[in-house]
Amino acid sequence: RLNSGTIEFETRFLVGDAAHIIAELANEMACDGIVMGSHGHTGVVGALMGSIATKVVNLANVPVTLVK
């Protein structure tokens, strides 16, 4: 674990379904939220986010911030 000012972060490499792993890990670590990148596309609402980002938003028990 590294501490950069007031933001604590950790890097892990895990194998499996990315969306489920991200949501479960955030829950296990009692995270306040998730920030992740998205390949965002314009068009229909469901197509605004990448498929993994969409799944994380639906699975996570904490707020998810997506960055294009």
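Contact here means heavy atoms within 4.5 Å. By that criterion, and leaving aside neighbours within four places in sequence, L25 is in contact with R12 and L14. The model is a predicted one, and every value below is computed from it.

**Overall layout**

The protein chain holds 2 helices and 4 strands. Along the sequence these elements follow the pattern β-β-α-β-α-β. Of the 68 residues, 18% count as buried. Among contacts with a separation of 6 or more, 50% come from residues 24 or more positions apart.

**Strands β3 and β4**

Strand β3 runs parallel to strand β4 (residues 64-67), and 4 bridges join the two. Within this pairing, I34 stands opposite V64 in β4. In a regular strand the side chains alternate between the two faces of the sheet. In β3 the covered face carries I34 and M36, while V35 and G37 are on the uncovered one.

V67 belongs to strand β4. V67 counts as partly exposed because its relative accessibility is 43%, which lies between the 20% limit for buried and the 50% limit for exposed. Not counting residues up to four places away in sequence, V67 touches V35, M36, G37 and S38.

In soluble globular proteins, nonpolar side chains tend to be buried together. The largest nonpolar core in this model has 7 residues: A19, A26, I34, M36, A53, V56 and A60. At least two residues of this core are supplied by each of α1, β3 and α2 (51-59). The two core residues I34 and M36 are also those of the covered face of β3. A53, another member of the core, is in contact with M36, S38 and L66, leaving aside its neighbours within four places in sequence.

**The largest pocket**

The space in the largest pocket comes to about 750 Å³. Two or more residues of its lining come from each of β2 (7-9), α1 (18-28) and β3 (34-37). The lining has 22 residues in total, and E10, L25, M29, C31 and G33 lie nearest the centre of the pocket. α1 gives the most to this lining, with 5 residues.

L25, one of the residues nearest the pocket centre, is placed in helix α1. L25 counts as buried because its relative accessible area is 17%, and the limit for buried is under 20%.

**The loop between α1 and β3**

A30 lies in the loop between α1 and β3. Most residues other than glycine have a negative phi, and most peptide bonds are trans. A30 is not a glycine, yet it has a positive phi of about 55 degrees. A30 is exposed, since its relative accessible area is 59% and the limit for exposed is over 50%.

**Pairs separated in sequence**

The table gives two residue pairs with their separation in sequence and their C-alpha to C-alpha distance.

| Pair | Separation in sequence | C-alpha to C-alpha distance |
|---|---|---|
| V67 and V35 | 32 residues | 7.4 Å |
| L25 and A60 | 35 residues | 9.6 Å |

V67 and V35 are also in contact. In the second pair, L25 is a residue of helix α1, and A60 is one of the residues of the largest nonpolar core.

How values were computed. Residues numbered from 1 in each chain as written. Predicted model: local features only at pLDDT ≥ 70, side-chain atom pairs only at ≥ 80, totals over all residues. Heavy atoms only, no water. 1 Å grid on protein atoms, 1.4 Å probe; cavity = no way out; pocket = protein on both sides within 12 Å on 5 of 7 lines; lining within 4 Å. Points joined across faces, edges and corners; volume = space filled by probe spheres on them. Buried < 20%, exposed > 50% of the residue type's maximum accessible area, 1.4 Å probe, protein only. Pairing = 2+ DSSP bridges. Core = buried A, V, L, I, M, F, W, Y, C linked by side-chain atoms within 4.5 Å.
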